[in-house]
Each structure stands twice: as structure tokens, then as C-alpha cells.
Amino acid sequence: MMKTKNNIYLLYFYLFFAQLFFDRALWVIYLGDKGMTFGEIGILEALLHLAIVLFEVPTGMIADLYGRKVSLVIGNLFSLLYALLMLVSGTFTVFTLAFLSMGLMVTFHSGAEQAFAYDTLKNDKREKDYTKVIGSMTAISLLSLSLAKFLGGFMAEVSWEWVYGSTIVTHVLAVIPLLFMKEPPREKTEDIGGRWYNKWVHQFKLGVRVWKNNPVIHRPVVLFILASAVMVIIVFYGQEYFIQLGYSSIVVGAVFTIEGLLGVVMAKIAYKVEERFKFFNILYYGLGLFLLFFILFIFATDWAILLSFLFLAQLLSLFEPIFSSFIQRFLDSNIRSTFLSLIGLMESFVIMISFPLFGLAIERSGFTDGFAGLLIIFMVMAGGYLVVGRIRLKNRM
């Protein structure tokens with residue numbers, strides 16, 4: 001049996017450096033300073049998710065067919081390209097290339113990190129520790145992002161060159177632990193012959209088969225995708241929203257730092273919540289709390305808006321490791337990254353459509369009406385799918 005006991009620790013070091021994007025709480029402000037409108041910012045974010053939609057599944061298949069390390073190294077190279085293009089850019093065209101690079105980075109990382117961790121634990125006969133490990137991975141990522149957001153606010157006060165130059169340095173450092181990781185063994189997809197694209201089509205069909213054969217995962221996946229898309233919109237447009245409420249870029253950075261630090265705690269205790277409560281109880285009670293704090297975020301005032309934002313973010317930080325652990329139980333290692341990439345594809349497709357539409361909506365009607373409309377759409381889609389899902393399950397029985 002291959003010795004992979006150091007993989008998890010190396011993965012932790014890699015995640016810390018790989019998540020040091022010092023513009024994460026400020027990039028909307030940066031683009032605004034460069035003359036981009038809300039509509040253009042929305043289009044850029046949509047293009048990022050278009051890249052994810054187009055390449056999420058192919059890159060997930062690369063991780064399954066050719067190795068997780070290969071996928072992670074390539075993804076990190078696109079991180080460097082993103083930071084470099086943002087540093088030198090002053091036009092919408094170059095910003096487009098930067099966001100496309102970020103989208104490709106996401107696709108090469110998506111699924112590969114979780115698959116690498118799960119297969120390492122499986123090789124060491126420690127699958128039961130997965131939720132705890134993925135919680136630690138999430139905690140480290142959030143801690144790293146929180147540090148980046150906090151320091152980024154101060155760097156931006158000096159110059160934007162500090163923000164993106166520092167990002168380049170940290171992502172060079174992120175490559176080092178990757179070089180020492182050992183690829184864990186995994187089941188191989190059967191050889192079906194033919195050209196390379198025949199193997200890729202077969203791999204895609206295997207991922208779709210997981211969805212068809214396991215209807216129990218449908219509701220969690222759909223609700224997770226919808227809630228994640230809503231939080232992406234709230235987080236990124238919230239940057240400018242908080243500025244319009246009168247907060248400085250340093251205060252905005254501090255708020256997002258607190259959000260990340262609280263997320264560290266949520267991710268670390270996720271396995272304890274999983275041990276105590278049934279998965280679907282966590283799902284439905286979490287959905288109710290998500291709706292409650294979303295309403296407060298829209299209609300509360302001053303400090304209550306900030307608190308509601310913090311609670312919303314923590315719900316997803318707590319649920320994500322539990323959700324990942326639940327899904328992993330239905331996956332073989334030769335399809336792990338592919339299926340997780342399918343989930344990422346659908347999430348990015350929803351964001352790609354909704355992000356620019358929300359940007360246009362707030363340009364016309366303001367943030368309050370925009371968030372209220374987003375709430376209504378979320379409630380209709382989530383509630384409608386829950387009803388349809390229950391009917392389908394009853395018909396199958």
C-alpha cells in the first residue's frame with residue numbers, strides 16, 4: 001500500500017497559500033476604480049462562470065483520468081495568470097482574459113482537492129475522518145482568505161500593485177507543497193478503446209449515471225447550488241453595498257475577515273453537527289434559517305445588516321463539509337472529480353445567468369429591491385423543487 005500519510009498535511013499547506021487572493025473583498029471596488037460599471041462587472045463575473053460551465057466537467061475528467069496533482073498544478077498556473085493580468089489591466093478586454101483565467105483555475109481545482117483528500121483517507125482506511133478533514137480544509141481556506149481580505153484592505157490603501165503583486169508571490173509558494181504530494185491510488189475507468197474523446201464521453205456518462213441512479217441526492221444538490229449562487233451574489237455585490245452604506249474599504253475588509261474567521265469555526269465543528277443530527281434535518285432546518293437571515297439582511301438596518309450577512313455566510317460554511325461528505329458516499333474514486341465537477345458546472349451556470357442580471361437590476365432599482373427580488377426567486381425555485389422532488393420520490397415508491 002502506498003504511504004500517503006503526509007498528503008493531508010501537504011494539502012493543508014497548499015490550501016493556505018492557494019487561497020491568498022488579496023483582492024477577494026475588494027475586486028468590485030478595484031474594477032469600479034478602473035472605470036467599470038455595475039453592468040460590466042456583472043458581465044465579467046458571468047464570463048468567469050461561463051469558463052467554468054465550459055471547462056468544469058472536462059477538467060474534472062482530467063483529474064480522474066490523469067491525476068489530481070496534474071489538475072492542481074495547472075490550476076495554480078492560471079491563478080498566477082489571473083493576478084498578472086489584473087495587475088497590468090486597464091481595459092475591459094484584458095479584465096475579460098483575467099476573469100477567464102480565474103474561471104479555468106476554479107475548474108482545475110474544483111473536485112480535485114476533495115477527491116485527493118478522500119482517496120488519501122481511503123488508502124489509509126480512514127474514510128470516516130473525511131468530514132473532519134474536509135472541515136479542516138475549509139477552515140484553512142477560510143482562514144487564509146480572511147487573512148488575505150484583512151491585509152488586502154491595507155495594501156489597497158498603499159497601492160493596487162501591492163495587492164496583486166503579493167498574490168503572485170503567494171501562488172508561486174503554493175506550488176511547493178504540490179511537488180511533494182503522492183498521488184493516491186484510485187480505481188481506473190475501464191478501457192473502452194477508441195480515441196481519447198471516446199474515453200472522455202464515457203467518463204461524462206458515468207457522472208450522469210450517478211445522478212440518475214441516486215435520486216436521494218437530488219434535493220440536497222439543488223438546494224446547495226441555489227443557496228451557493230445566492231451567497232456569491234450577496235458576497236460580491238455586498239462589497240459595494242457596504243461602501244454605499246458609508247463604510248470604508250478597511251471596514252469592509254474587516255467585516256469579511258470576521259466572516260471568514262467565523263467560517264473557520266463552523267467548518268471545524270461541522271463533523272460534530274453531522275454526528276449529532278440526521279443529514280436531512282440539517283438540510284431543512286438550515287434552509288429555514290437561511291431564509292430568515294436573508295430577510296433580515298434585506299430589511300434590517302445598520303449593524304443588523306452586517307450581523308445577518310455574517311449568519312448567512314456561516315450557514316453555508318457549516319453545511320458545505322457535511323454536504324460533501326454525504327455526496328462522497330455515492331461515488332467511486334474513478335468518478336469522484338467528474339461528478340463533483342458536474343455539481344460545480346450547474347452552480348456556475350446559475351451564477352452566470354443571475355450575476356449580471358442582478359447587476360443590471362440594482363442599477364435600475366437599487367440594492368434593496370434587487371435583494372428582495374433575489375429572495376423571491378430563491379424561495380420560488382427552492383420551494384418548487386422541494387414539492388416536485390417529493391412527488392417524484394412518492395411515484396418511485
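**Pockets, cavities and nonpolar cores of the predicted model**

Helix α15 (336-365) provides the largest share of the lining of the largest pocket, namely 12 residues, where helices (H or I, at least four residues) are DSSP runs numbered from the N terminus. The structure described here is a predicted model, in which local features need pLDDT of at least 70 and side-chain atom pairs count only at pLDDT 80 or more, while totals for chains, interfaces and linings use all residues. Residues are numbered from 1 along each chain as its sequence is written, and side-chain values use heavy atoms, with hydrogens and water left out.

Pockets and cavities were located on a 1 Å grid over the protein atoms alone, a pocket being an open set of points with protein on both sides within 12 Å along at least five of seven lines, and a cavity a set of points where a 1.4 Å probe fits but cannot get out; lining residues have an atom within 4 Å of a point. Grid points are joined across faces, edges and corners, and a volume is the space filled by probe spheres set on the points. The largest pocket holds about 620 Å³ of space, and of its 27 lining residues I225, L226, M346, V350 and M381 are the closest to its centre. At least two residues of this lining come from each of α10 (196-213), α11, α15 and α16 (367-396). By class, the lining of the largest pocket comprises 24 nonpolar, 3 polar and no charged residues, with Ala, Val, Leu, Ile, Met, Phe, Trp, Tyr, Cys and Pro counted as nonpolar, Asp, Glu, Lys and Arg as charged, and the others, Gly among them, as polar.

The second largest pocket, with a volume of about 370 Å³, is lined by 18 residues, and those nearest its centre are I282, L283, Y285, G286 and L287. Helix α13 (279-299) gives the most to this lining, with 8 residues, and α11, α13 and α14 (303-328) each supply at least two. The lining of the second largest pocket contains 16 nonpolar and 2 polar residues, and no charged ones.

The structure also holds 2 cavities of 30 Å³ or more. The largest cavity has a volume of about 1,700 Å³ and is lined by 46 residues, with Q19, V106, L145, E320 and E347 nearest its centre. Helices α3 (38-66), α5, α6 (112-123), α7 (130-158), α11, α14 and α15 each contribute at least two residues to the lining of the largest cavity. This lining divides into 25 nonpolar, 13 polar and 8 charged residues. The second largest cavity, with about 30 Å³ of space, is lined by F150, G153, F154, I250, G253 and A254, and α7 and α12 (249-276) each supply at least two of its lining residues. The classes represented in the lining of the second largest cavity are 4 nonpolar, 2 polar and no charged residues.

The packing of the interior was examined through nonpolar cores, each a set of buried Ala, Val, Leu, Ile, Met, Phe, Trp, Tyr and Cys residues joined through side-chain atoms within 4.5 Å; buried means under 20% relative accessible area, exposed over 50%, and partly exposed in between (1.4 Å probe, protein chains only). The largest nonpolar core has 104 residues, of which F242, F297 and I327 touch the most other members. Helix α11 (residues 218-244) gives the most to this core, with 18 residues. Apart from this core lies another, of 22 residues, which include A63, L121, Y130 and M181. When neighbours within four places in sequence are left aside, F242 is in contact (heavy atoms within 4.5 Å) with Y247, V252, V255, F256, F297, I305, L306 and F309.

Two loop residues were considered individually. S89, in the loop between α4 (68-88) and α5 (92-109), is buried, with a relative accessible area of 3%. The side chain of S89 reaches the backbone nitrogen of F95 at 3.3 Å, and, with neighbours within four places in sequence left aside, S89 is in contact with Y30, K34, V94 and F95. R329, in the loop between α14 and α15, counts as exposed at 54% relative accessibility. The side chain of R329 makes a polar contact with the side chain of E274 (3.3 Å), a polar contact being a pair of N or O atoms within 3.5 Å, of which, within protein, one must be able to donate a hydrogen and the other to accept it, and for which residues adjacent in sequence count only if both atoms are side-chain atoms. The C-alpha atoms of R329 and K182, which are 147 residues apart along the chain, are separated by 23 Å.
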